[in-house]
Amino acid sequence: MNRYGKIILGGILIGSLATAAEKLDLSDVKHGVLALTFDDRNFDGWEKAIPLFEKYHAHASFFVMGKIDAPAVSAMKKLKESGHTVGLHTVHHADAPAVFQKDGAEHFLEKEILPQLKACEKAGIKVSALAYPENRHNAETDARLGEYFEHFRAGKKDAPHGVSGVPVTEIPSIRVVGGQGIGAYYHTDPAEVEKAVRLAAEKNLFIAFYSHNIAQKPNNISISFELLETILKTASECGMKIVGLDELPVAAK
C-alpha cells in the first residue's frame with residue numbers, strides 16, 4: 001500500500017473534516033438500514049437537499065467525478081459537515097475492469113484515483129468510499145482498490161444484496177454495496193420503491209439505491225425532491241437507519 005492508501009484508510013488526514021464517521025451500532029438496529037447514493041458532479045442539487053435530509057435525520061453518500069477543484073471541495077465540505085459520506089467516482093468515469101485489463105492497475109490508479117485522493121488530502125477531506133463508474137468491477141479491481149477504500153458502490157447485477165436486501169447482521173462483511181438505480185431512466189415506480197423500503201424495515205434488512213442529481217424537475221437519471229422525501233419519510237416512519245457508507249461497520253481483515 002502506498003502512502004495515499006495509508007492516509008485514507010488510517011484516517012490521519014489533517015483538518016476538521018478528517019475525523020472518521022461514527023460507525024452504526026448494529027445491535028441497536030431493529031428495522032433495517034437504508035443507503036442512498038448519488039453520483040457525478042450535481043453539487044447544486046445535492047446542497048439544496050441538505051435540509052431535507054436533516055428533516056429526517058438521514059445521511060446519504062455522494063460520489064464526485066472529475067477534478068477535485070474549488071467547486072467540488074466546497075460541496076464536499078458542506079456535505080461532510082452535514083454528516084454525509086463523500087467519496088470518489090474517478091477522474092474520467094473510466095471503466096475499471098477494462099482499464100485494468102488493457103493498461104494495468106497502476107495506470108488506472110495514476111489516471112483515475114490518485115489525482116482525486118491527492119486533492120482531497122490537500123483539502124483536508126477524508127474519503128473512504130468509491131462508486132464504480134457504470135457499476136463495473138471485478139475481483140481484481142476490488143482487491144487492488146481495496147487498499148485505498150473501505151467501501152465500494154456498485155449495481156444490482158454484481159451485488160444483488162443491495163436490492164433484495166440482506167440481514168443487517170451481514171453488513172460488516174459487505175465491502176461492495178449493491179443498489180437499485182432510481183429515476184426515470186431506471187423505470188422507477190415510486191410505489192415499488194416505497195414497498196421495498198417497508199419490506200426491508202419489516203424484515204430488518206440492508207438495502208441500497210443510487211441516482212445522480214436531486215432536482216425539482218429531474219432528468220432521466222436523477223430523482224425529484226418529492227421522490228426523495230417519499231423515501232426518507234417512509235424509511236423514517238418505519239424506524240430505518242438512513243446512513244452514508246462511511247457509517248457502515250466493517251469486519252476486521
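1. Helices (H or I, at least four residues) and strands (E, at least two) are DSSP runs, numbered from the N terminus. The expected span of a helix is 1.5 Å times one less than its number of residues. Helix H4 covers residues 70-81, has 12 residues, and reaches 16 Å from its first C-alpha to its last, close to the 16 Å expected.

2. A note on the source. This is a predicted model, in which local features need pLDDT of at least 70 and side-chain atom pairs count only at pLDDT 80 or more, while totals for chains, interfaces and linings use all residues. Residues are numbered from 1 along each chain as its sequence is written, and side-chain values use heavy atoms, with hydrogens and water left out.

3. The whole chain. The protein chain has 10 helices and 12 strands. Of its 253 residues, 56% count as buried; buried means under 20% relative accessible area, exposed over 50%, and partly exposed in between, with a 1.4 Å probe and protein chains only. Contact means heavy atoms within 4.5 Å. Among contacts in the protein chain with a separation of 6 or more, 74% are between residues 24 or more positions apart.

4. Helix H4 again. The buried residues in H4 are Ala-72, Val-73, Ala-75, Met-76, Leu-79 and Lys-80. Their cover includes helices H2 (43-48) and H3 (50-55), strands E2 (61-64) and E3 (85-88), and helix H6. H4 is followed by Gly-83, which has a positive phi near 95°.

5. Helices H5 and H6. Two packed helices are described by the angle between their axes and the distance between the axes. Here axes are lines fitted to C-alpha atoms, for helices over the stretch in contact, and angles run from 0 to 180 degrees between N-to-C directions. H5 (residues 96-103) and H6 (residues 105-123) pack at an angle of about 125°, with their axes 7 Å apart. That makes H5 oblique to H6: angles under 35 degrees count as roughly parallel, over 145 as roughly antiparallel, 65 to 115 as roughly perpendicular and the rest as oblique.

6. Who meets whom there? From H5 come Ala-96, Val-99, Phe-100 and Asp-103, and from H6 come Ala-105, His-107 and Phe-108. The residues of this contact divide into 5 nonpolar, 1 polar and 1 charged. Ala, Val, Leu, Ile, Met, Phe, Trp, Tyr, Cys and Pro count as nonpolar, Asp, Glu, Lys and Arg as charged, and the others, Gly among them, as polar.

7. Strand E1 and Asp-39. Asp-39 lies in strand E1 (residues 33-40). With a relative accessible area of 3%, Asp-39 is buried. Its side chain makes a polar contact with the side chain of Arg-153 at 2.8 Å. A polar contact is a pair of N or O atoms within 3.5 Å; within protein, one must be able to donate a hydrogen and the other to accept it, and residues adjacent in sequence count only if both atoms are side-chain atoms. Leaving aside neighbours within four places in sequence, Asp-39 is in contact with residues including Trp-46, Phe-63, His-89 and Ser-211.

8. Strand E9 and Tyr-210. Tyr-210 is in strand E9 (residues 205-211) and is buried, with a relative accessible area of 10%. Beyond its neighbours within four places in sequence, Tyr-210 is in contact with residues including Thr-37, Asn-135, Arg-153 and Tyr-186. The side chains of Tyr-210 and Asn-135 make a polar contact of 3.1 Å. The C-alpha atoms of Tyr-210 and Ser-61 are separated by 9.2 Å, although these residues are 149 residues apart along the chain.

9. Positive phi. Most residues other than glycine have a negative phi, and most peptide bonds are trans. Asn-135 has a positive phi near 60°; it sits in the loop between strand E4 (129-131) and helix H7 (139-145) and counts as buried at 12% relative accessibility. His-187 also has a positive phi, of about 55°. The loop that holds His-187 runs between strand E8 (180-181) and helix H9 (190-203), and at 71% relative accessibility His-187 counts as exposed.

10. Helix H10. At 1.5 Å a residue, the 14 residues of H10 (residues 225-238) should span 20 Å, and its end C-alpha atoms are 20 Å apart, which agrees. Buried residues in H10 include Phe-225, Leu-228, Ile-231 and Cys-238. Just after H10, Gly-239 takes a positive phi of about 85°.
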